[in-house]
Amino acid sequence: MVYYLIAAAVIIFDRIIKNAVVSNMQPWETIPVIEDVFHFTYVQNRGAAFSMWQEQWIILIALPLAVIAAGLVIMYLKRKTWDKLMLVSIAFICGGGLGNLIDRISLGYVVDLFDFRVFPVFNIADIFICVGCGLMVLDVLFFERKNSGNE
C-alpha cells in the first residue's frame, strides 16, 4: 500500500541523513551554514520534544510505539474511506515517529542536527511529524466537512 511506502521513505530519508551526521561529526560539533542563523549541530537528544522527559523510557518508547501502531492500523482500516490527505498525514507522522524511535531504541538518544539558533535542534523525522500534524489539522479544518457531504 502506498501509505506504508510513504512512511518507509520517510524512515529511509531520516536514516540516511542521521547516519551521515553520526559518521562525519562529533557530538555537539557545529558547522555554520549561515553564521549565527543556521548551523548543522550534532545533538544527542535523550528526551522528547525540547528534551523533556529525559530518561523516562516508558514515556519515550511505549507511548510513541502505541501511537505509531494505532496510526498504522488506522491507515489500513481507513485506506478506502478516508481521503488521501489524511492518510498521507498519518504516514508522515508514523514514518517520522519510527525514525526517532529507531534512534531511541538502538542508540539511547535521538540524533538531531538542524540548528536555527533560536529554536531547539531537530531532525528530518521531526519535520515529517510536524508536517503530518499540520496536514492533519488542515484536513480536519478545511476538507473533512466537504468530504463527508455535510456542507
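## Salt bridges, helices and strands in a predicted model

The side chains of Arg117 and Asp115 come together in a salt bridge, with 3.2 Å from N to O. The two partners can be set side by side: Arg117 is partly exposed, with a relative accessible area of 38%, whereas Asp115 is buried at 8% relative accessibility. The model in which this pair is found is a predicted one, and the values that follow are computed from it.

### The chain as a whole

The protein chain has four helices and three strands, and, when it is read along the sequence, these follow the pattern α-β-β-α-α-β-α. The chain holds 151 residues, of which buried residues make up 36%.

Helix H1 covers residues 2–24 and so has 23 residues, and the way from its first C-alpha to its last is 33 Å, close to the 33 Å expected at 1.5 Å a residue.

Because Asp103 lies in helix H3 (residues 84–107) and Arg15 in helix H1, the pair ties together parts that are 88 residues apart in sequence. Both Asp103 and Arg15 are buried. Taken together, Asp14, Arg15, Lys18 and Asp103 are linked in a network of salt bridges.

How many salt bridges does the model contain?

| Pair | Distance |
|---|---|
| Arg117 and Asp115 | 3.2 Å |

### Strands E2 and E3

Strand E3 spans residues 110–115, and six of its six residues are buried, so this strand is largely enclosed by the rest of the structure. Strand E2 (residues 38–45) is joined to E3 by five bridges, and the two strands run antiparallel. Within this pairing, Phe40 has Phe114 of E3 as its bridge partner. As a general point, the side chains of a regular strand alternate between the two faces of the sheet.

### A nonpolar patch on the surface

On the surface, Met1, Val2, Val73, Tyr76 and Leu77 form a nonpolar patch, and together they have about 480 Å² of accessible area. Which helix gives the largest share of the patch? Helix H2 (residues 57–77) does, with three residues. Val2, by contrast, has its place in helix H1, where it is partly exposed with a relative accessible area of 46%.

Val67 lies in helix H2 and is partly exposed, with a relative accessible area of 48%; the C-alpha atoms of Val67 and Gly97 are 8.7 Å apart in space, although the two residues are 30 residues apart in sequence. Ile59 also has its place in helix H2 and counts as partly exposed at 32% relative accessibility. Between the C-alpha atoms of Ile59 and Gly47, which are twelve residues apart along the chain, the separation is 9.6 Å.

### Cysteines

A disulfide is a covalent bond between the sulfur atoms of two cysteines. In this model the count comes to zero disulfides. Cys133 is in no disulfide, and the nearest cysteine sulfur, that of Cys130, is 6.5 Å away, whereas a disulfide would need the sulfur atoms to be within 2.5 Å. Cys133 is partly exposed, with a relative accessible area of 37%, while Cys94 counts as buried at 3% relative accessibility.

Notes
Residues are numbered from 1 along each chain as its sequence is written. This is a predicted model: local features need pLDDT of at least 70, side-chain atom pairs count only at pLDDT 80 or more; totals for chains, interfaces and linings use all residues. Side-chain values use heavy atoms; hydrogens and water are left out. Buried means under 20% relative accessible area, exposed over 50%, partly exposed in between (1.4 Å probe, protein chains only). Patches are made of residues with over 30% relative accessible area and no salt bridge: like charges are joined within 9 Å, nonpolar side chains (Val, Leu, Ile, Met, Phe, Trp, Tyr) within 5 Å. Accessible areas come from the Shrake-Rupley method with a 1.4 Å probe; for residues, only the protein chains shown count as cover. A salt bridge is a side-chain nitrogen of Lys or Arg within 4 Å of a carboxyl oxygen of Asp or Glu. Two strands pair if DSSP finds at least two bridges between them.
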